[in-house]
Amino acid sequence: MGILKRKINEIWEDFPITVKITLWYTVFVVVLIFILLTSSFAIADKMTGDVNQRELTGVVNEMASDMVSDSDEFDDFDDGIYFVRYNNQGIETDGMSPKGFDLTLKQSENTVSIYKKNGEKFYYYDKKIDGSDGEWVRGIVPVNKLSEEVNRMLLTILILSPLLLIIIIYGGYKIIKKALRPVAKISDTATEIQKNGDFSKRIEIDDGQDEIHKMANAFNEMLNSLENFYLREKQFSSDVSHELRTPVSVILTESQYSLDYADTMEEAKDSFSVIQRQAKRMSELINQIMELSKIEKQIGTPSDKINLSETVEKILGDYKNLFVEKNIEMTKEIEENISITGDKIMIERLFDNLLNNAMKFTKDKINVRLYSEDEKCVLEVEDNGIGISEQDKELIWKRFYQVNDSRNKKINKGFGLGLFLVSKIIEQHGGTIDVESILNEGTKFIAKFKRD
């Protein structure tokens, strides 16, 4: 029994969804038709019985009334109704009765009674004749389950039911198939994407507001996100491979050279120094990539209250000796007790990157300002370096982008991830960042956050 049930379930699961829905509502329609037909037969039977009873009482009363004035008005049969005449002792004296009816049944005035025998059913009604010597007239009608007209109607319905069911099933199947066409397109599109790896495919459907159209539109939005993610990861992999290729090549070359040609410790140290520098470069790149991955995967932003004034002062204090070492004049204007909501580590990282960027390209001055502006706070980091061209202003926020050699490539030893990280942190905190720059005069980065 268990094996059979499992086999049936396997067969059922292989059916298309349109067939499953069609079978389900077909069962429902069959049950509904069965209930309707059964109810129709029962109602028709009752209605026929009621009609027969009303007709029987009417005819018997009319005949009894006529016999009061003229006893010859008695008829033994009229329009399917049998009539029997009884004397005051309940003995049949005249009339006619249907086969199988018991004429000895006791009279009961003004009541339609039922007599059943051998599967036959009869209605009979007794009426005493007024002014007579206790005489009675009885009307008897054999009860058919259905009248001839009702019988023909129900028989016609019964015959046409299979044809009607076929029409309902076929029409319903077509309607369901059309309604679920977007689902089929979703399945086909997903299969094609899986087969070809082409995330540019979309589900082509007509305009609509029903649940299936909404699902198809949601699927298209999901494909947009997947395509963007796929393209970003593809570009990211390409950029990382490009950035790592050079230090890896240098490390391999230097190590091979040292193995083949280094005869003294001094020569070996020179090779080790090159290898160490390139290894540090790779380590820095990997750390930045990990930070970027963490930021991009983070869902939501911690809602910690951050005293931005204290954070900026603390970081500037950490950089104090480095400014002296690089002969950089640092000036600051920090408004006290400015607070924002966010991730403290990410905000520190943002300011670190802006400050490092300024240190790379400044000539000898950096100015940091933090102040309130309406319901926002503004953080400015300004240098007096060579500036950024108009065409580069939009590009500096892209991943791995670095300004060309004219911006002192000898000093710029980064990877083009710092400002990209800044833009992502700003985005996650619902802030904005702009850049103002004049070539050969300097650059100012302006970050704005909602103030607590």
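## Strand pairing and the open sheet

Two strands are taken to pair if DSSP finds at least two bridges between them, and strands (E, at least two residues), like helices (H or I, at least four), are DSSP runs numbered from the N terminus. In this predicted model, local features need pLDDT of at least 70 and side-chain atom pairs count only at pLDDT 80 or more, while totals for chains, interfaces and linings use all residues. Residues are numbered from 1 along each chain as its sequence is written, and side-chain values use heavy atoms, with hydrogens and water left out.

E11 and E13 pair in the antiparallel sense over 8 bridges, and leucine 379 stands opposite alanine 447 in E13. The open sheet has 5 strands in the order E8-E10-E11-E13-E12, with mixed pairing. Strand E8 (329-334) and E12 stand at the edges with a single partner strand each, so one side of each is left without a neighbour in the sheet.

## The largest nonpolar core

A nonpolar core is a set of buried (under 20% relative accessible area, 1.4 Å probe, protein chains only) Ala, Val, Leu, Ile, Met, Phe, Trp, Tyr and Cys residues joined through side-chain atoms within 4.5 Å. The largest has 37 residues, and those with the most contacts inside it are Val312, Phe351, Leu355, Ile366 and Val368. Among the elements that each supply at least two residues are helix H7 (308-318), helix H9 (344-361) and strand E10 (365-373), and H9 gives the most, with 8 residues.

Leaving aside neighbours within four places in sequence, leucine 355 is in contact (heavy atoms within 4.5 Å) with Ile315, Leu316, Tyr319, Phe323, Ile366, Val368 and Val381.

Key. Buried < 20%, exposed > 50% of the residue type's maximum accessible area, 1.4 Å probe, protein only.
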